[in-house]
Amino acid sequence: MNHWFTVEAIDRDTFAISEYQHWEETHCYLICGTERAILLDTGLGVSNIRPIVDQLTTLPVMAVTTHVHWDHIGGHQYFDTIAVHEAEQDWLAVQFPIPLQVVKRNLTCRPCHFPEDFSLDGYQVFQGVPQTILHDGDCLDLGSRTLTVHHTPGHSPGHCCYYEPARKYLYSGDLIYKGCLDAFYPSTDPQLFWQSVRKIQDLDISRILPGHHQLFIPVALLRKIEIAFRDLSKAGKLKQGNGLFLYEDFQIHI
């Protein structure tokens, strides 16, 4: 049995597959239709997520990417069909923008009991050619379930949220969660981050399914984050290098 992953049922055909033993507490989501399934993000890649997925569904599975950061594409290697937004196609297929040694330092910067078969020396950031290129407004049809792609740059150029109109689920990736929202890397943009938060506010959302940390978060958190970004902008502080700003349920690092 694989003790690295924790599986939690969101509903009868939607599952969160989480890596709670690592400080990132990354969530991946298996979303099953009647004809095919999506694995939204594939985690850190320190353990093979594929057997977990195969225990949950016999449908053909496509790995769909919220964004091409090391903690969300680690298990892409175990899937034949991969989808990514056009703005980060080259990050996946040509060159990941963060040096491997930096990734390894991030991976191990806090104590963690990694799986016995994990080798830090052998750890690599996934590189591969995606089979599907996504664009803002695209629709992913799973058979009796559809997801729409919402391009939400800011945390990264090709970051996407995925919205399921029928169930009013928002899979928010690294745009909305309880924790530190990062917009300080050279490839991030705090102003675009704020615009993306404002963009998804227009959706009718019953549940937010985040990319990290606490799985059950209130929809009201979206509004709180938007207000925080707005206040930073009004104060002239929504620029990289201004530091870490603390709020009740989250932080913004710019």
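**Aromatic rings up close**

Modeller: Let's start with two tyrosines: Y169 and Y171 are both buried. Keep in mind that this is a predicted model. Those two rings make an edge-to-face pair, with 6.3 Å from centre to centre and 80° between the planes. They belong to a set of eight aromatic pairs in the structure.

Now for a stacked one: F193 and F229 have their ring centres 5.0 Å apart, with 20° between the planes. F193 sits in helix 5 (residues 190-200) and F229 in helix 6 (residues 220-234), so this pair ties together parts that are 36 residues apart in sequence. Both F193 and F229 are buried.

There's a charge to look at as well: R198 lies over the face of W194, at 4.7 Å from the ring centre.

The largest pocket holds about 450 Å³ of space. It is lined by 20 residues, and the closest to its centre are W23, E24, W70, D182 and Y185. Helix 2 (70-73), helix 4 (100-107) and strand 12 (180-182) each give two or more residues to that lining. By class, the lining of the largest pocket splits into nine nonpolar, six polar and five charged residues.

The second largest pocket has about 220 Å³ of space. Among its 15 lining residues, G45, V46, S47, Q77 and Y78 are the closest to the centre. Its lining counts six nonpolar, eight polar and one charged.

Conventions
Residues numbered from 1 in each chain as written. Predicted model: local features only at pLDDT ≥ 70, side-chain atom pairs only at ≥ 80, totals over all residues. Heavy atoms only, no water. 1 Å grid on protein atoms, 1.4 Å probe; cavity = no way out; pocket = protein on both sides within 12 Å on 5 of 7 lines; lining within 4 Å. Points joined across faces, edges and corners; volume = space filled by probe spheres on them. Helix = DSSP H or I, 4+ residues; strand = E, 2+ residues; numbered from the N terminus. Nonpolar A, V, L, I, M, F, W, Y, C, P; charged D, E, K, R; others polar. Phe/Tyr/Trp six-rings, centres within 6.5 Å; stacked < 30°, edge-to-face > 60°. Buried < 20%, exposed > 50% of the residue type's maximum accessible area, 1.4 Å probe, protein only. Lys NZ or Arg CZ within 6 Å of the ring centre and 35° of its normal.
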